[in-house]
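Here's a quick briefing to read with the model open beside you. Take a look at the picture first, then work through the points.

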Amino acid sequence: MDELGGGRVEWALHCCVSLSQATSPVPVARFAELHGVPTAYLAKQLQALSRAGIVRSVPGPSGGYRLTRAPSEITVLEVVEAVDGREPPFRCTEIRRRGPLALSPESCAKPCAVARAMASADAAWRGALADVTVADLGRSIDTDSSGTAMRELRGWLSGAG
């Protein structure tokens, strides 16, 4: 995974946390400056969040992006799925039906142990992400910084930084 592709979800989540602290719309360029990432590439992640109804674009000279709901109502899973899609990362190709020991289609009526393990892991991962909200992330980030991160972010977003 390249640096830009690997950063999509990370950038989108940080933008959502940042928006949770914003009192006015935040332009893409401001986010890019804040996070030190390319503006055009970040804009694509914000567009994906907009298509998913997580953020909305506010036009005009003082426009930018806003959250569409309270941060406590937006889950990490929603952000991940908005950016990366809903498809599970593992796709069974039914390898059991290939090669010299290939099984018949009838013998492969139920998923194999590998497919079951991967489906179980995906369900657990999605469940864990669905249990965390953007508000939870903000509180955790603030706790990790001894309570200064969100205050500093609010100041920076308001132009004091």
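What follows is a short tour of strands, charges and rings.

This is a predicted model, where local features need pLDDT of at least 70 and side-chain atom pairs count only at pLDDT 80 or more, while totals for chains, interfaces and linings use all residues. Residues are numbered from 1 along each chain as its sequence is written, and side-chain values use heavy atoms, with hydrogens and water left out.

**The hairpin**

- Strands S1 (residues 55-58) and S2 (residues 64-67) run antiparallel and are joined by four bridges; two strands pair if DSSP finds at least two bridges between them.
- Helices (H or I, at least four residues) and strands (E, at least two) are DSSP runs, numbered from the N terminus.
- Look for Val-55, whose bridge partner in S2 is Leu-67.
- Five residues sit between S1 and S2 in this hairpin, and Gly-60 in the turn has a positive phi of about 110°.

**Salt bridges**

- The count comes to eight salt bridges, each being a side-chain nitrogen of Lys or Arg within 4 Å of a carboxyl oxygen of Asp or Glu.
- One of them joins Glu-33 to Arg-30, with the closest N and O atoms 3.5 Å apart.
- Glu-33 and Arg-30 are separated by about one helical turn because they are three residues apart in helix H2 (residues 28-35).
- Glu-33 is exposed, at 53% relative accessible area (buried means under 20%, exposed over 50%, partly exposed in between, using a 1.4 Å probe and protein chains only).
- Arg-69 pairs with Glu-78, and their closest N and O atoms are 2.8 Å apart.
- Arg-69 is partly exposed at 28% relative accessibility, and Glu-78 is partly exposed at 27%.
- Arg-96 and Glu-94 make another salt bridge, with 2.6 Å between the closest N and O atoms.
- Glu-81, Arg-86, Asp-122 and Arg-126 are linked up in a salt-bridge network.

**Rings**

- There's one aromatic pair; rings of Phe, Tyr and Trp (its six-membered ring) pair if their centres lie within 6.5 Å, and planes under 30 degrees apart count as stacked, over 60 as edge-to-face and the rest as tilted.
- Trp-11 and Tyr-41 form that pair, edge-to-face, at 5.5 Å centre to centre with 90° between the planes.
- The pair links distant parts of the chain, with Trp-11 in helix H1 (residues 3-19) and Tyr-41 in helix H3 (residues 39-51), 30 residues apart.
- Both Trp-11 and Tyr-41 are buried.
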